[in-house]
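Me: I have a model open and would like to learn how to read it. Can we go feature by feature?

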Amino acid sequence: LLSKRTHCLPAAIALAGIGHEGVAVLMQALTNQDWGVRHSAAFALEEAGSDLDKVVPALIEVAKIGGSNELDCLLRGAAGSSLIRLHKEPELVVPVFSEFLTSPDAKTRAWGASLLAGFGPDSKSAIPLLLKARTDEDSNVRESVERALKDIEAKQP
């Protein structure tokens, strides 16, 4: 069912709920040639309850893929969203999200700030980069940075 366009996402979500065996299939699906399969796997891995030591690095790699076409952006978005929902291994995730702040692409910089906001207080190591990004030439980036700083500081214990 994972390879059938109309059943891809529900199948991926079901696989995530199965546990180790299902997660293993989804991990393989992250490299499938079919974009829909990769996207469904990245999206569904937010429900992974096992193998997070493998899931988080794999989602990080998907979040870092290059390309500026809409499908690449959607795939990166699914991986980033899953990483936020999982909220595991911030020592691995936050530095990667922070790297997005230095991208030459304004949309990527704004997205990086939004991802850091999603990790809340665990993103406090990124505050110096966020403060620097307050003066970004792009107004969307500046707005995302301000929201991120507010969210990170508001959620501090």
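Me: Which residue's side chain meets that of arginine 85 in a salt bridge at 3.9 Å, N to O?

Reply: Keep in mind that this is a predicted model. For a salt bridge, look for a side-chain nitrogen of Lys or Arg within 4 Å of a carboxyl oxygen of Asp or Glu. Here the partner of arginine 85 is glutamate 47, at 3.9 Å. The pair links distant parts of the chain. Arginine 85 sits in helix α5, glutamate 47 in the loop between α3 and α4, and they are 38 residues apart.

Me: Which other residue forms a salt bridge with arginine 85?

Reply: Glutamate 46 does, with the closest N and O atoms 2.9 Å apart. Glutamate 46 is in the loop between α3 and α4 and arginine 85 in α5, so this pair ties together parts that are 39 residues apart in sequence. Put together, Glu46, Glu47 and Arg85 form a network of salt bridges.

Me: How is each of the three placed, buried or exposed?

Reply: Buried means under 20% relative accessible area, exposed means over 50%, and partly exposed is in between. Glutamate 46, at 12%, is buried. Glutamate 47, at 41%, is partly exposed. Arginine 85, at 54%, is exposed.

Me: How many salt bridges does a search of the whole structure find?

Reply: Five. One of them joins arginine 109 to aspartate 136, with the closest N and O atoms 2.7 Å apart. Arginine 109 belongs to helix α7 and aspartate 136 to the loop between α8 and α9, so the pair ties together parts 27 residues apart in sequence. Both arginine 109 and aspartate 136 are buried.

Me: Which buried arginine has no salt bridge?

Reply: Arginine 38 is buried yet has none. Check the distance to the nearest opposite charge. That side chain is aspartate 72, 5.4 Å away.

Me: What does the side chain of arginine 38 reach instead, and what does arginine 38 touch?

Reply: The side chain of arginine 38 reaches the backbone oxygen of asparagine 32 at 2.7 Å. Arginine 38 itself lies in helix α3, residues 35-44. Leaving out residues up to four places away in sequence, arginine 38 touches Ala29, Leu30, Thr31, Asn32, Gln33 and Leu75.

Me: Which residue caps the N-terminal end of α9?

Reply: For a cap, look at side-chain oxygens by the backbone nitrogens at the start of a helix. Aspartate 138 is the cap here: a side-chain oxygen lies 2.9 Å from the backbone nitrogen of asparagine 140.

Me: What length is expected for α9, and what does the model give?

Reply: Count 1.5 Å a residue. Helix α9, residues 139-154, has 16 residues and reaches 22 Å from first C-alpha to last, close to the expected 22 Å. Helix α4 passes the same kind of check: its 12 residues should span 16 Å, and its end C-alpha atoms are 16 Å apart.

Me: Which residues of α4 are buried, and what covers them?

Reply: Leu52, Val55, Val56, Ala58, Leu59, Ile60, Val62 and Ala63 are buried. Their cover includes α2 (20-29), α3, α5, α6 (90-99) and α7.

Conventions: Residues are numbered from 1 along each chain as its sequence is written. This is a predicted model: local features need pLDDT of at least 70, side-chain atom pairs count only at pLDDT 80 or more; totals for chains, interfaces and linings use all residues. Side-chain values use heavy atoms; hydrogens and water are left out. Helices (H or I, at least four residues) and strands (E, at least two) are DSSP runs, numbered from the N terminus. The expected span of a helix is 1.5 Å times one less than its number of residues. A polar contact is a pair of N or O atoms within 3.5 Å; within protein, one must be able to donate a hydrogen and the other to accept it, and residues adjacent in sequence count only if both atoms are side-chain atoms. Buried means under 20% relative accessible area, exposed over 50%, partly exposed in between (1.4 Å probe, protein chains only). Lys and Arg count as positive and Asp and Glu as negative; His and the chain ends are not counted. Contact means heavy atoms within 4.5 Å.
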